[in-house]
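Colleague: I would like to learn how to read helix packing and strand pairing in a model. Please take me through an example.

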Amino acid sequence: MADDSIAVVDLDRCQPDRCNYECANYCPPNRTGKECITKRGEETVQGTPDQVRISEEICLGESCGICVAKCPFDAIEIINLPQELDQTPIHRYGENSFALYGLPVPQEGSVTGILGPNGIGKTTAVRILADEITPNLGEYDAAPDWETVIDEYRGTELQTYLEKLQTGSVTVARKPQYVDKIPNQFDGNTRELLTGTDERGVVDDLIERLSIGPVVDQPIDTLSGGELQRVALAATLARDADFYFLDEITPYLDIGQRVTAARLIRELAAEGDRSMLVVEHDLAVLDLLADTIHVAYGEPGAFGVITPPKSTRQGINEYLSGYLESENMRIRPEAIEFEQHAPRTASTGDILVEYPDLVKSYGENEFSLTVESGVIREKEVLGAVGPNGIGKSTFAKLLTGAIEPTEGSVDTQLDIAYKPQYIEIDEPMRVDAFLSSITDQFGSSYWETEIAQPLQLERIMEQTLTDLSGGERQRVAIAACLSEDADLYLLDEPSAHLDVEQRVLATRAIRRYTESHDATALVIDHDTYMIDLLADRLLVFEGSPATSGHASPPVDMRNGMNQFLSDLEITFRRDQRTTRPRINKPDSQLDREQKAAGEYYYAPQEE
């Protein structure tokens, strides 16, 4: 195989007990007597002896592709690397495994972002820079020592950082990607965790700024996802480190909490020589947060490339366009567009459901929600926004009949397809079996085109539900919801765990389904980009989180977003080049002008 190609075998998909080794039997080099595709054998350190390995020295490359076509389980990828990629990998996980090319460069006194799809190596890069993985330069059989690694980057900015890392002259702190695993690693209450990391004597201030005072005496295993995220961020920022690595700061947080977290990170970076490296999928927050960004691209699960740093605006815009100008590289066949979308004209369709004034109280001194009467119209997507703990999911459960209101009543005669906020899957069923049990349309050309392909389900159909990642579970749950025959499709936080492309594809799937079926959807989400692309009208929740919530009747997008954002004192503008939503820098001239005019959701001339 040419030096610019790699072979990848997905060991989770390779099932030799269910095939006849078509990949090896039809491989042209094998048919001439060469050992290109062989069994791994008893000496293998990855996979099982009967699974296959591919010799990258003998393989003919992507131009052949016979093994890829013949594998019945889509377990093989033969990939031509970009011609511009003239470097060796910084790390490869093993034979025929994922390879990462390039590393981001932490910059002292600034915030550096990494933007790219899931499965592209962002977390691997962070773990290398945090000294949790020793890079092997692709030599997985005989990994080089650190001196060789440093020599590979001699003359670059990374050389200095890696030398300091190995001599112990820099300290690092890392916030993990999946905060829901923290209770498995720490047995105690929140205060004990935070006190144990408070090397800078700032934990009390962080508790107040991140609004986690009410949970400081609670056991860690009782916290919600949003509470865990803020506790993890506080625990990381309380450490006295030179470099802070923050892997996804926004999951489970509402937009107000996201902006607060972004401001905290920027303040700490501005203190002097501290460096922040942030992996993030929320483009509005990344835009507000980062001084520069690295774009990560490649083939998820196969290889990833991390570009040199770009200005934040340039990097995000190039990422959305799908074309990296400096690299002369197309990373996506089409651009992600915003201009034909929000704010849409509010729906004037017939009324699907009219709900009266409602009250749901969980008891004295407990949370209560008050809902003003309103209507949900046919053929519309109604967005629901508001802080965490304000009653959005409670309203959803009232509509579904899962809980009863304390005052008022809801017409529960509607057929409602419901995707809950937290997806709990404990049944060891295959994805295809699960989805086929929901709809007779499973496998039809329509279902494949409208649901399976946009949600990128093809490669996980034969996996077991319990083995799926958070993003994979989310996509399956969205597909399951849209596959039902219902009057109302209710999706609670469909953007959670999805990368930018997946969020856009999920948004298109939801929007296309409602339009083609004359269906109605209610979407609760914290991602402003998703709501911007998706909603016709807005249902705004206000109040005091965890104490009381109030929902006004649904309104058009402009009035709704102005109402919502004014409470948070956040203004948005549209990027002149891409029309994507951008958060104005606090107290900037445009921020002050829009607040004075009462226009928090873009200036009218921007539409």
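The dialogue below goes through a helix pair and then a set of strands.

Modeller: This is a predicted model, in which local features need pLDDT of at least 70, side-chain atom pairs count only at pLDDT 80 or more, and totals for chains, interfaces and linings use all residues. Residues are numbered from 1 along each chain as its sequence is written, and side-chain values use heavy atoms, with hydrogens and water left out.

Colleague: At what angle do helix α10 and helix α11 pack?

Modeller: Two packed helices are described by the angle between their axes and the distance between the axes. Here α10 (residues 225-237) and α11 (residues 255-270) pack at about 5°, with axes 12 Å apart. That makes them roughly parallel (angles under 35 degrees). Axes are lines fitted to C-alpha atoms, for helices over the stretch in contact, and angles run from 0 to 180 degrees between N-to-C directions. Helices (H or I, at least four residues) and strands (E, at least two) are DSSP runs, numbered from the N terminus.

Colleague: Which residues of α10 make the contact?

Modeller: Arg230, Leu233 and Leu237 do, against residues of α11 including Leu264 and Ile265; contact means heavy atoms within 4.5 Å.

Colleague: Which strands does β24 pair with?

Modeller: Two strands pair if DSSP finds at least two bridges between them. Strand β24 (residues 537-544) runs parallel to β20 (residues 381-385), with 4 bridges. With β25 (residues 548-551), β24 pairs in the antiparallel sense over 4 bridges, and with β26 (residues 555-556) in the antiparallel sense over 2 bridges. Leu538 of β24 is the bridge partner of Gly383 and stands opposite Val555 in β26.

How values were computed
Angles under 35 degrees count as roughly parallel, over 145 as roughly antiparallel, 65 to 115 as roughly perpendicular and the rest as oblique.
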